[in-house]
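Please look over the sequence and the model shown here before reading on. The notes that follow are grouped by topic.

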Amino acid sequence: MIAPLKPDLITVNIDGKEIAVPKGTNAIEAARLVGVDVPYYCYHPKLSVVGNCRMCLIEIGMPAVDPATKTPIMDPATGKQKINWIPRPQIGCATNASPGLHIRTNTAQIKDCREGVMEFLLVNHPLDCPICDQAGECKLQEQSTGYGRGYSRYVEQKNFKPKRTQLGPRVMLDDERCILCSRCIRFCKEVVKDDVLGFIDRGSYSTLTCFPGKALENNYSLNTVDICPVGALTSTDFRFKMRVWFLKQTNSIDTESSVGANTVVWSREGVIYRITPRPNDGVNDTWMADTGRELFKAVRAPNRLTAVKLDGLDTSLEVALNSAGAILKAAGRTVALVGSGRSSVEEHSLARKLAETLGASTHMVSRIGEGDRMLISGDRNPNVRGALVVGLIKKLPTEKLTALGGAIDTGAVTVVVSLGEDLHAAGLTAAQLAKVKIIYLGTHADTTTKAAQVVVPTLTVFEKSGTLVNQQFRLQKFAKCVPGPAGATDDLAVLAKLVVTAGGTATLGDLPNVWASLATTVAGLAAISYATLPDTGLLLDSTPFASLPFCEGETFHYQPAATTATMKV
Amino acid sequence: MPAPQQRRIIFKHIDAPGYTNDLACYVRHGGYEILKKAVTLPAATIIDEVKKSGLRGRGGAGFPCGVKWGLVDRKSGKPIYLVVNADESEPGTFKDRYIIHQDPHQLLEGIMIASFANNVKQAYIYIRGEFPHGARILEQAVAEARAANFVGPNILGTSYSCEIFVHRGAGAYICGEETGLIESLEGKRPYPRIKPPYFPAVLGLYQCPTIVNNVETLCHVKHILEMGGDTYAKIGTPNNTGTRLLCVSGHVKRPGYYEFAVGEITLGELLNEVCGGPLPGRTFKAVIPGGSSAKILKFGETFTLKNKDGSSRTLTVEEIPMDFDTLAACGTMGGSGGVIVMDDSVNMVEALANINAFYAHESCGQCTPCREGSLWMKKITARMVHQQARSEDGALLKSVADQIAGRTICAFGEACSWPTQSFVAKFGDEFKGYAETRKEPKRADALELV
């Protein structure tokens, strides 16, 4: 007899193990909690349940109760309450936990069911694993190893279906590999609300296709590739580039907007091959935008900065920083620091230290785009809130550096330190740029690097570790995926040296030391360190910033405050 | 002339000389009088009469009609729909088409009574795509009945209103499965729904409570109300009440459609007396008693059944009464009433190849076992017939069928695997020896199966 543990939990029995699960949990998820694997293809925790693959068949039963007396019927053999097992196997994905539910996954019938489904799925599957991109991360491979018979009884001709159908600019379809699980159809319909995929024909000849005149071209199309359990949908970008088992996975954050979708960056020998979403139910569920997957291409962009420059000539980092220090010292209190909403929390804090050392004014450029109400917000800077938290800025960034331009015109500013911002694009004229000395720390060449006296190449988000604060004030960490190019130096190291050359106190530019300092200097970050920060992030106290008019509209897990809801998206 | 053993209630006027399918003729023969009586009764009384009658659904599953009506969620506040399943597509079944063609108003009267009893404001007749003529007749009949105030707003001067819509299918067997039919009616691919949670009585058409009844079942409702549930229950045998339509096709002298009190005629009487026995010089070999998805019966086999008092009786195929329960006890089913007879000229491998081709073509493709298994079985039997049979193919066929039955979303899994399971089990020798019996070279012009 099982008794419920808590009112909101119900106890179920899975292969003899009892577990308390929240109401509404299905059998697959409940089994996962006790370490019992229920294989499936069509089920996806974030999509509707259709129950079409039949891989998750389980046996279910309920404790027997005498219908007349309502008393439990005991089994004399075991001394426990008898279980009435339903002879017909049921699908786990559509079986919700109910009090006293008993589940068996380890019986001969279930083994036979799984072997049967595996065999059926493979009879018309091309078995072209040697040339298939999904190999190595293919559910069909994994589960045929785990639950299949290991041999084929099929001697008939396999079905022919379209190969290489371009569903959209980024997604390629091989219909012969498709197992018709309908995950991609449901994703487009339910998550993106862009209903473009469907099946045509029937029976085993059913074929996935785009509706006539439509294309799978929404900015979330590559999620269909992620959730495709087989190699039917592949990314035109990643296809045939690399075997997945050679790739190293590193946790990272999507920096294209303040949503901060959690990602995994896949690299080999210093080269990034793809970016995929990492589940975080508080931020991006299991999705990410297509645009965020292309960010790694900036790492090897032709305009990447790889040489330290002093007045346009190559030099060493030490010489450049010493010159920069001299320029800064000479400028007295006429220095302005332009931070970047793309910098990490740690960089923001060292930038603040630099600004305090120099008595410099701080500025920041906003990047406002259109939010898509999903995983791209209106604020295209990933870490404005980080700058607020560590105190680099006190108010929200502006679109143009108008105030700085005025200060340059009056001569109140003679030196500008730019942390990767193109000052020209931010509204400063060529004349204004020519009037000041510029110290530039950044990754890519732009108009400002041409005008700068000192240019120090630094690292992209993929080449360093750090943290970002997203729109929910969730502190999230990213880790170094690949080494930076020769000639580029870690931003923190550069900033720390710049602080010293500018006359400040010595600081070690590495994560543990910056965090040790942050924990004591910033109230909201006490007792936090990079190493112990959870992979799913940590929500910081946002109340000190509640009055700021943040510009984002809603996204999947973010609702703007009522006062800002009516503002520009 | 109807065969003497028949008891015609539903088919009373079918093929009667001078009987036409227009409203005037129907009214002349007493039509719509029961509807007039029904609208004066409390709805619960009508449902009670149907429950008392013991009427079982005539679409194939034999589910008690009154129980089905009792399951409808009446507290949801959502509208209740009645959907008439006129997608008669089971091979071997052709009863509903005669009701629709020759006596459509009988169906409409049944629909209106059932609608009134269940407070249905909109009823849909989902008619098979291959019945365009029937659809036109129904559309005409609905228009006539509407003009005469039997259908539509405030029927017969009462406050009750109900519209009937005729919806044509597009030609898919799976649309006869009730949840597939509902999906199709909603304009989607007819993928049957998973149950739970989508039981039509709760979450049916447009996620509202829905009753799906077969054409013949609804016709019976009219006669139940006419004679009273208790009187109706006396027809036939206990738990197998009323009359039912049987469609006999295949190798008998007089194939056709017949109506009998359920269980009052045996299979032997049906085939030998009513249908005139086998064709000259032939003998019966096998019979499928309830549409092509029912398990086949082999002449010569016997069944030992338990009686209620604990004793047992042994039946030959000829002695099986044509009722739901005995057929089920013999391992097959009454199904949709399509009796398909095969004599000794039939090779069972080729017969199964034909059936398998049908089911492979009609599988909707939603769930794995049926989608892949039905086509695989078709490929095996087609290969056996047209190319190369192997002695192990029979066992393989059975194994594939076993992997389908009971593991699919809808009953199509059983429908496509029961023929294979029963053919192989009962005619295993033919499957094993097929390679030897068919030594002649394959004809170059041999037609491909469907």
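Which residue in E8(A) is the bridge partner of A:Gln166? The bridge partner is A:Met172, and the sheet to which this pair belongs is taken up below. This is a predicted model, in which local features need pLDDT of at least 70, side-chain atom pairs count only at pLDDT 80 or more, and totals for chains, interfaces and linings use all residues. Residues are numbered from 1 along each chain as its sequence is written, while chains are lettered from A and ligands numbered from 1 in the order in which they are written.

**Confidence and domains of chain A**
- Over residues 563-569 of chain A, however, the pLDDT is below 50.
- Chain A is divided into domain 1 (9-106), domain 2 (126-240) and domain 3 (309-542), with bounds that come from an automatic or database domain assignment.
- Between domain 1 and domain 3 of chain A, the C-alpha centres lie 55 Å apart.

**A three-stranded sheet in chain A**
- An open sheet is formed by three strands in the order E7-E8-E11 (chain A), with antiparallel pairing; strands (E, at least two residues) and helices (H or I, at least four) are DSSP runs, numbered from the N terminus.
- Its edge strands are E7 (165-166) and E11 (233-235) of chain A, each of which pairs on one side only, where pairing requires that DSSP finds at least two bridges between two strands.
- E7(A) is joined by two bridges to strand E8 (residues 171-173) of chain A, and these strands run antiparallel.

**The contact between the chains**
- In all, 23 residues of chain A are in contact with 27 residues of chain B, a contact being two residues whose C-beta atoms, placed from the backbone, lie within 7 Å.
- Helix H2 (residues 108-123) of chain A gives the most to the side of chain A that touches chain B, with six residues.

**Helix H8 of chain B**
- Eight of the eight residues of helix H8 (residues 178-185) of chain B are buried, so this helix is largely enclosed by the rest of the structure; a residue is buried if 20 or more other C-beta atoms, placed from the backbone, lie within 10 Å of its own, exposed if 12 or fewer, and partly exposed in between.
- The buried residues of H8(B) pack against several elements of chain B, including strand E1 (81-86) and helix H9 (200-203).
- Just after H8(B), B:Gly187 takes a positive phi of about 95 degrees.

Technical notes. pLDDT = per-residue confidence, 0-100.
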